[in-house]
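Subject: Structure handover

Hi,

Here is the structure I promised to pass on to you. My notes on what turned up in it follow below.

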Amino acid sequence: AMAAAPAPGRWGGVTRLQWRVLIAATLGWTLDGMDVMLYAFALPAVQREFGLSSGQAGALASVTLLSSAVGGAGFGLLADRYGRARMLVYSILIYSLCTGLTASASSVPQLVLWRALLGIGLGGEWSAGSVLVAETWPAAHRGKAIGLMQSGWAIGYLLAASLAAVVLPRWGWRPLFAVGCLPALLALWVRRRVPEPATFTAPRAAAKVRFSARIRRDIVVASLMCACLLFAYWGLFTWVPTYLASPVERGGAGLGVLKSFLWIVPLQVGAFFGYSLFGVLADRLGRRPVFIAFVLAAAVLVPVYGLVGQRTALLLVLGPLVGFFGHGYFSVFGALLAELFPTAVRATAQGLCYNAGRALSALAPF
């Protein structure tokens, strides 16, 4: 099936089936991002209802990150054994249903339970989806494909912001989470229309691929790299909606819920182009030099963004740049990690690296 006639044009060699796989993984990641970021927008209302301090509210976000590390590593192992597409379906179902069940929480322990189970699906979606795209798409276009998949997170963030702006002021945070059940419908389409990659379904050699010394070293280095970057990401973006919406006397920018949405839009538009263009540049110039340039630019811009304070015009100007460089380098993970490890252990190793990093970053929101 993967050997269908190549499509014409500058995306030559890419088949309709490969586009379908990319669309499935991108939609999965988009709706994953939407479901996870709903919490960031509902956070002030959740704090008030349950009487949580900022530290406790941040710790609740950390629970999701910790469980997502478990989910990512576990789903990676299962994807190597039972299939990438199948695990993508299960991960979408888990994070969708648990987001909806968050709306039913009547106590903090229940809230912790549903957010922890949601994290399992969050981690599993990336582990299954990114490997599915990397193994399906040709190497010449792999960076662009992964970049497009990662750009779904920016769209999901904007969807969460849009839903919060419409639902929160009128109906509160519970209906907002109830909407998060809808991505479960995507799982039905993926199950019917997305096959396993040829590299997975093809007969394998009897000998098992061992985790050699080099593979173990690459896992450790990649996990540390993921930890540093994810710590920075979650430490910042868990709190950006609350910071922009909170009153000045509480240390916020004083924009309010509706106006803060307008400031988040250009930030996430910048993120969308960062994800997408990173892949184009990485395919042309190489993974590492483009990755280093993006990370260094983010290292300069993020502290400046944090020091702007209540100067809202500057927040608006810097937002797209922070989004572009502060998100874009994540597109390296799917391509670079997939190219480091052999097929037989790829999902296991990739899921372990990304999600071990996510586990180490779980303290960031707290």
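One term before the notes: contact, or touching, means heavy atoms within 4.5 Å. This is a predicted model, where local features need pLDDT of at least 70 and side-chain atom pairs count only at pLDDT 80 or more, while totals for chains, interfaces and linings use all residues. Residues are numbered from 1 along each chain as its sequence is written, and side-chain values use heavy atoms, with hydrogens and water left out.

Let me start with two serines. Ser-104 sits in the loop between helix H3 (84-102) and helix H4 (108-136); helices here are DSSP runs of H or I with at least four residues, numbered from the N terminus. Leaving aside neighbours within four places in sequence, Ser-104 is in contact with Gln-110, Trp-114 and Arg-174. Its relative accessible area is 43%, so Ser-104 counts as partly exposed. For that scale, buried means under 20% relative accessible area, exposed means over 50%, and partly exposed is in between (1.4 Å probe, protein chains only). Between the C-alpha atoms of Ser-104 and Leu-244 there are 27 Å, with 140 residues separating the two along the chain.

Ser-96 belongs to helix H3. Is Ser-96 buried or exposed? Ser-96 counts as buried because its relative accessibility is 0%. Not counting residues up to four places away in sequence, Ser-96 touches Asp-35, Gly-180, Cys-181, Pro-183 and Ala-184. The C-alpha atoms of Ser-96 and Gly-33 are 11 Å apart, and the two residues are 63 apart along the chain.

Next, the cysteines. How many disulfides does a search of the whole structure find? The search finds 0, a disulfide being a pair of cysteine sulfur atoms within 2.5 Å. For Cys-181, which is in no disulfide, the nearest cysteine sulfur is that of Cys-98, 9.2 Å away. Cys-181 is partly exposed, at 31% relative accessibility. Cys-353 is in no disulfide either, and the nearest cysteine sulfur to it belongs to Cys-226, at 6.3 Å. With 0% relative accessibility, Cys-353 is buried.

Now the interior. A nonpolar core is a set of buried Ala, Val, Leu, Ile, Met, Phe, Trp, Tyr and Cys residues joined through side-chain atoms within 4.5 Å. The largest one here has 111 residues, and those with the most contacts inside it are Met-37, Val-133, Trp-153, Tyr-157, Trp-234, Leu-244 and Phe-333. Helix H1 (residues 16-50) gives the most to this core, with 18 residues. Setting aside residues up to four places away in sequence, Trp-153 touches Trp-29, Asp-32, Gly-33, Val-36, Met-37, Leu-122, Tyr-233, Trp-234 and Tyr-275.

On a 1 Å grid over the protein atoms alone, a cavity is a set of points where a 1.4 Å probe fits but cannot get out, and lining residues have an atom within 4 Å of a point. Grid points are joined across faces, edges and corners, and a volume is the space filled by probe spheres set on the points. Searching the whole structure gives 2 cavities of 30 Å³ or more.

The largest cavity has a volume of about 110 Å³. Its lining is made up of Val-36, Met-37, Tyr-39, Ala-40, Ala-61, Thr-64, Leu-65, Arg-115, Trp-234 and Thr-238. H1 and helix H2 (54-82) are the elements that give two or more residues to this lining, and H1 gives the most, with 4 residues. By class the lining of the largest cavity has 7 nonpolar, 2 polar and 1 charged residues, where Ala, Val, Leu, Ile, Met, Phe, Trp, Tyr, Cys and Pro count as nonpolar, Asp, Glu, Lys and Arg as charged, and the others, Gly among them, as polar.

The second largest cavity holds about 90 Å³ of space. Residues lining it include Trp-29, Gln-150, Trp-153, Tyr-275 and Arg-358. Helix H5 (139-171), helix H9 (213-237) and helix H15 (346-360) each supply at least two residues of this lining, with the largest share, 3 residues, coming from H9. The lining of the second largest cavity divides into 8 nonpolar, 1 polar and 1 charged.

Finally, an exposed residue: Val-317 lies in helix H13 (residues 312-328), and its relative accessible area is 57%.

Best wishes

Definitions and conventions. On a 1 Å grid over the protein atoms alone, a cavity is a set of points where a 1.4 Å probe fits but cannot get out, and a pocket is an open set with protein on both sides within 12 Å along at least five of seven lines; lining residues have an atom within 4 Å of a point.
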